[in-house]
Amino acid sequence: MREFFRKNGIVVIIVALLLTAVVSIGSALLPVSPLANALGVLATPFRAVGTAVTSWGQGVYRYATEYGALQQRVAELELQVARMEQENRQANAALRENERLRQLLELREKRSDFVFESAAVTGRTVTSWSSTLTISKGTAHGVSEGDCVITEAGYLVGVVREAGLNWSTVATVLDPDISIGARAFPTGEDGILEGDLALMPEGKCRLSYLSAQSELEPGAEVLTSGMGGIYPSGLAIGTVETVDYTPSGAERYAVLKPSAELNRLEEVFVIKDFEIVE
Amino acid sequence: MTNTDRTLPKWLTYSAAFFLCFFLERCILNRFPLWGALPMLAPLTAAAVGFLEGAFPGSVFGLAAGLFSALALGPGHARLIWCNTLIGLFCGATVNKAIGRTFHGYLLCAGGSLAFLEGLELLLRLFFDDQAAGPVLSMAGAEGLYSFLFSPLVYLLFWHIYRRFRSDLEF
C-alpha cells in the first residue's frame, strides 16, 4: 500500500482533486457544461427508448393491477363532470355579470398572456436527493432556466433548472431546492411553496411561512402568487392536506398534495414568456 | 494475442459495462424508487474494477467513471470524481491486504464504498446545508441499501469480463 502510494496513488489522487476543482469551477461559471450539453443531446434517443419501454411496462402493470380502481375513478369523474357542468353554467352567468359591471365601472379586464412550448417528458429524477424531469425541448426552442412548466390542465409541474440544446431539466414542485411564492384560496394567505426531503417520497410538498394565526384548512387550493414577477400568478399548485405548527410554534405550515400527477406525466408545456395585464 | 493486445479490448469492455450500468441507473431504474430512494451503480463499478484489477487500475477507472458521471449529472456532482477514485483505490488496496478476491470480499468492498458515499452525503447535508437529521438519515440509508441490492449484479458483470480476459491470457 505504502509502496503503491509512493509510486502512483498520490498522483492519481492529486489529478482527481484537480479535476474536481476544475469541474466545480466550470459548473459555477457555465450554466450547462459543454460536455453535459453534448451528453444530453446524445442521450436523447436513448432516453426516449428507455421512456417508451418503461412506460409500456408501467401501462401493462397498471392495467393488470389498477383496473378496478380505474373503473371507480371513471364513475367518480363522471359525477365530477356533472357537478362542474352545473358550476360552469353558474360561472357563465357570473362572468356575464362581471363583464357588465366592469363596463359600468370602466375597468380593464385582467388577463394572462402565456407563450407556451409543448415538450415530451423523456426522463425522470437521477438522484435520490432531488425530484426532476427531463423534457425534450431546450435552448434551441427558446426554453430557458427559470421557466415554469405546467400540464395541459394548467397545473404547475415545476421550474426549468437547466436548459441544454434540445433537452431541459425541470425541478418539480417536490424538489427540496424549489421555492415559489404561493397563495392559498379562499383565505388569500401568502406563503412559500417548498420541497421537503421527508415529504418528497410521499409525493407531497409544503407551504411554509404561514402566520401562527393562519386559518387555512385541509382542502384549500394553493396557486402561484406571482409575487416578484418571476413566475406567473394563478397556476394551480395543489391542495392542502394538513396544517400544523412549526416546532417553534411561531409559524404554521401546510402539507400539499400537488395537483399535477408527476409520476404519470408524458407531455408538459413550458411557459417561455408571460404577461399579466391588470 | 499478446498481453498488450488484450489490454485495450479489456478496458473497452469494462467501459462498455460501465456505460450499461450508467444507462440503467439514469434511464430505467430511476423510474422505480424503493423507500423513496434511487440506486447508484457508478460507485459499484469503480469498486468492482478496483477489486478485480487492483488499486492503480481501480483508481484510474474510478477517476474516469467519476469524471463522466460528474459531467453528465451536472452541477453539484463534482465530488464524484475524487470519491470514485478513492473507492477504486481502496477496494484494490484492501483486496490484497485484508480480504481475498471472493464474492463476499466484493460485497464487503461495495458495502464499504456505499457507506463512505452516504456518510459523506450525510455530513455535507447536515453541516453545510443545515438539513434536518431524520429525513437525511433515512434517505441515505434507503439509497445505500437499495444500491447495495445491485452489487451482486454489478460484480457478476465485471467478474465475467475479468474472467474472460484472464482466461484468454492463460492460452
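1. Of the 278 residues of chain A, 35% count as buried. A residue is called buried if 20 or more other C-beta atoms lie within 10 Å of its own, exposed if 12 or fewer, and partly exposed in between, with C-beta atoms placed from the backbone. Please keep in mind that this is a predicted model, in which local features need pLDDT of at least 70 and side-chain atom pairs count only at pLDDT 80 or more, while totals for chains, interfaces and linings use all residues. Residues are numbered from 1 along each chain as its sequence is written, and chains are lettered from A and ligands numbered from 1 in the order in which they are written.

2. Chain A has two helices and twelve strands. Helices (H or I, at least four residues) and strands (E, at least two) are DSSP runs, numbered from the N terminus. Among the contacts in chain A with a separation of 6 or more, 59% join residues 24 or more positions apart. Here two residues are in contact if their C-beta atoms, placed from the backbone, lie within 7 Å.

3. A:Thr134, in strand β2 of chain A, counts as buried because 26 other C-beta atoms lie within 10 Å.

4. What does β2(A) pair with? Its partner is strand β5 (residues 168–172) of chain A, in the antiparallel sense and over four bridges; two strands pair if DSSP finds at least two bridges between them. Within this pair, A:Thr134 stands opposite A:Thr169 in β5(A). For a sense of scale, A:Thr134 and A:Tyr253 are 119 residues apart in sequence and 30 Å apart in space, C-alpha to C-alpha.

5. Next comes the barrel. Six strands of chain A form a closed barrel in the order β6-β7-β8-β11-β10-β9, with antiparallel pairing. Neighbouring strands of this sheet are turned by 40° against each other on average, direction ignored. One of the pairings joins strand β10 (residues 236–245) and strand β11 (residues 251–258) of chain A over seven bridges, in the antiparallel sense. There, A:Val243 stands opposite A:Ala254 in β11(A).

6. Most residues other than glycine have a negative phi, and most peptide bonds are trans. The bond from A:Phe185 to A:Pro186, however, is cis, with omega near 15°; A:Pro186 sits in the loop between β6 (179–185) and β7 (190–194) of chain A. A:Tyr209 has a positive phi of about 60° although it is not a glycine, and its place is in strand β8 (residues 205–211) of chain A. A:Tyr209 is partly exposed, with 16 other C-beta atoms within 10 Å. In chain B, the phi of B:Trp35 is positive too, near 50°. B:Trp35 lies in the loop between α1 (3–28) and α2 of chain B, and is partly exposed, with 13 other C-beta atoms within 10 Å.

7. In chain B, how do helix α2 (residues 42–53) and helix α5 (residues 103–127) cross? Their axes come within 9 Å and cross at roughly 135°, so α2(B) is oblique to α5(B). Axes are lines fitted to C-alpha atoms, for helices over the stretch in contact, and angles run from 0 to 180 degrees between N-to-C directions. Angles under 35 degrees count as roughly parallel, over 145 as roughly antiparallel, 65 to 115 as roughly perpendicular and the rest as oblique. The contact residues include B:Leu44 and B:Phe51 of α2(B) and B:Tyr106 and B:Leu117 of α5(B). By class, this contact has ten nonpolar, one polar and no charged residues. Ala, Val, Leu, Ile, Met, Phe, Trp, Tyr, Cys and Pro count as nonpolar, Asp, Glu, Lys and Arg as charged, and the others, Gly among them, as polar.

8. Finally, α2(B) also packs against helix α3 (residues 55–73) of chain B, at an angle of about 165° and with the axes 7 Å apart. The two helices are therefore roughly antiparallel to each other. Among the residues that meet are B:Ala46 and B:Val49 in α2(B) and B:Phe61 and B:Ala65 in α3(B). The contact of α2(B) with α3(B) has seven nonpolar, six polar and one charged residues.
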